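Colleague: I would like to learn how to read a few side-chain features in a model. Please take them one at a time.

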Amino acid sequence: MSFLLSNTVSFFSELLAFAGATGGIATTYIFPCLFIVKVDQAISKTEKFVCKTIIVTACIFAVVCLCNTVLDIIQKWQDVGPPFMCMSCNYKKENNLTPGVC
């Protein structure tokens, strides 16, 4: 699993951004508000409205962040090369790719 992940997303900052966009927003904003709305029947209509607004806003931010992260990963693949591709130093220099360890 770690081999596939490290070759598919070989950039740590993009991996953290992907994890934050998918899990961080959900665990911080969406799940608590969702649980309050579903479990606590004693909350007021105003609190329900605020929670539902937070859920919708967080979902929008999650989708935007996820799309941006995927676009960043695709851009890095174009700069450095696609995953699972072993390139020689000459190939990297000829195609103006990041030289890496060359």
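The dialogue below goes through aromatic pairs, the nonpolar core, cysteines and one threonine.

Modeller: This is a predicted model, so local features need pLDDT of at least 70 and side-chain atom pairs count only at pLDDT 80 or more, while totals for chains, interfaces and linings use all residues. Residues are numbered from 1 along each chain as its sequence is written, and side-chain values use heavy atoms, with hydrogens and water left out.

Colleague: How many aromatic pairs does a search of the whole structure find?

Modeller: A pair of aromatic rings is described by the distance of the centres and the angle of the planes. Rings of Phe, Tyr and Trp (its six-membered ring) pair if their centres lie within 6.5 Å; planes under 30 degrees apart count as stacked, over 60 as edge-to-face and the rest as tilted. The search finds 1 aromatic pair here. Phe31 and Phe35 are stacked, at 6.1 Å centre to centre with 15° between the planes.

Colleague: Where do Phe31 and Phe35 sit in helix α2?

Modeller: They are 4 residues apart in helix α2 (residues 12-39), so about one helical turn separates them. Helices are DSSP runs (H or I, at least four residues), numbered from the N terminus. For accessibility, buried means under 20% relative accessible area, exposed over 50%, and partly exposed in between (1.4 Å probe, protein chains only). Phe31 is partly exposed at 38%, and Phe35 is exposed at 52%.

Colleague: Which residues make up the largest nonpolar core?

Modeller: In soluble globular proteins, nonpolar side chains tend to be buried together. A nonpolar core is a set of buried Ala, Val, Leu, Ile, Met, Phe, Trp, Tyr and Cys residues joined through side-chain atoms within 4.5 Å. The largest one has 9 residues, including Ile25, Ile30, Cys33, Val37, Cys51 and Ile55. Helices α2 and α3 (45-80) each supply at least two of its residues, and α2 gives the most, with 5.

Colleague: What does Thr69 touch, not counting residues up to four places away in sequence?

Modeller: Contact means heavy atoms within 4.5 Å. Thr69, in helix α3, touches Glu14, Ala17, Phe18 and Ala21 on that count. Thr69 is buried, with a relative accessible area of 4%.
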